Amino acid sequence: MSQLVSARIRTMAAKLGLPHVAESLNQYAQRADEAKMGYLDFLDLVLAEELAVRDDRRFRQNLRLSHKTLDDYDFSFQPELDPRKIKDLATLSFVEAKANAALLGPPGVGKTHLAVALAVAACRAGFSIYFTSLDDMVRHLKAAEAAGRLTSKLRTYLRPAVLVVDEVGYQPLERAEANLVFQVISKRYEKGSIILISNKTFSEWGQVFGDEVLATAILDRLLHHCDVISINGPSYRLKNRLAAIERDSEAA
Ligand code: ADP
Ligand code: MG
């Protein structure tokens with residue numbers, strides 16, 4: 001690419017508010033060369049990457065707003081949860097090792113809170129992160145597959161250093177959907193971390209994924225390098241409600 005053309009593209013990309021294109025132009029061109037990409041695939045790559053960076057940025061901003069941190073988590077409310085296990089995860093050595101973490105337990109015990117706090121910590125340490133519910137991920141992948149853009153959509157879930165997948169097990173999946181999940185998990189295997197959150201035990205995953213063999217294949221890759229944290233205590237959401245009910249019944 002001539003210097004003149006690349007300088008012009010950078011200027012135009014900056015004017016259009018596409019900072020990532022401006023920064024990574026040479027890298028894109030090189031990838032396109034190496035992969036002998038067609039024109040449409042190249043444009044698809046460039047736009048998908050820009051969008052991913054933008055989503056990531058927006059998510060960072062949302063995280064800053066939601067600011068759930070480990071300091072806000074009251075460990076005394078979950079006496080069976082060893083705080084050291086969470087503090088170990090917060091060192092992020094599992095992210096460096098491209099290993100996984102699973103947070104399991106019933107509703108309201110603070111699984112999402114802890115996952116967000118870990119994601120915030122990873123973000124602060126400069127790792128890219130992406131947060132999704134399992135259902136959203138499956139929905140987006142299915143739509144992309146139907147439109148013939150699965151490969152580029154998969155990149156959204158393969159690119160970040162940490163992928164947080166929340167609410168695994170709330171809705172059972174069909175086989176084709178479970179297969180999309182398998183693709184994400186197996187492609188990230190030993191390449192990037194997953195923080196997975198579920199209200200189901202692993203033995204129930206056969207039902208969640210609608211197929212024992214597929215569930216086993218997913219678990220096999222997920223659990224090979226994985227810290228599993230089970231939180232089996234009371235719901236924090238119900239804490240204040242129960243206290244209020246007790247107060248009312250004492251008053252009555
Ligand atoms: P889960 O994902 O396990 O259903 P959440 O993380 O959504 O639960 O927690 C529900 C609410 O209770 C959130 O507002 C969360 O910040 C709060 N919460 C849960 N556990 C604790 C705790 N131990 N200390 C402080 N806040 C908590
Ligand atoms: Mg939750």
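The side chains of Arg-139 and Asp-136 form a salt bridge, with N and O 2.3 Å apart. This is a predicted model. Both residues belong to helix 7, which covers residues 134-146. They are three residues apart there, so about one helical turn separates them. Asp-136 is partly exposed, at 29% relative accessibility.

## Other salt bridges

The whole structure holds six salt bridges. Side chains of opposite charge can pair when their charged atoms come close.

One of the six joins Arg-84 to Asp-82. Their closest N and O atoms are 3.0 Å apart. Arg-84 is exposed, with a relative accessible area of 61%. Asp-82 is partly exposed, at 27%.

Another salt bridge links Asp-220 and Arg-221, at 3.8 Å from N to O. Arg-221 is partly exposed, with a relative accessible area of 27%.

## The site of ligand 1

Ligand 1 takes up the space of the largest pocket. Two elements each give two or more residues to the shell around ligand 1: helix 6 (111-124) and helix 12 (236-251). Helix 6 gives the most, with three residues. In total, 14 residues surround the ligand. Among the closest are Asp-74, Gly-108 and His-113.

Which side chains place an N or O atom by an oxygen of ligand 1? Thr-112 does, at 2.8 Å. Lys-68 does too, at 2.9 Å. Arg-237 has such an atom 3.0 Å from a ligand oxygen. Taken alone, ligand 1 exposes 560 Å², and the protein buries 85% of that.

Technical notes:
Residues numbered from 1 in each chain as written. Chains lettered and ligands numbered in written order. Predicted model: local features only at pLDDT ≥ 70, side-chain atom pairs only at ≥ 80, totals over all residues. Heavy atoms only, no water. Salt bridge = Lys/Arg side-chain N within 4 Å of Asp/Glu carboxyl O. Buried < 20%, exposed > 50% of the residue type's maximum accessible area, 1.4 Å probe, protein only. Helix = DSSP H or I, 4+ residues; strand = E, 2+ residues; numbered from the N terminus. Near = heavy atom within 4 Å. Polar contact = N/O pair within 3.5 Å; in protein donor to acceptor, adjacent residues only side chain to side chain. Areas by Shrake-Rupley, 256 points an atom, 1.4 Å probe, with all protein chains shown as cover. 1 Å grid on protein atoms, 1.4 Å probe; cavity = no way out; pocket = protein on both sides within 12 Å on 5 of 7 lines; lining within 4 Å. Sits in = over half its atoms within 2 Å of the grid points.
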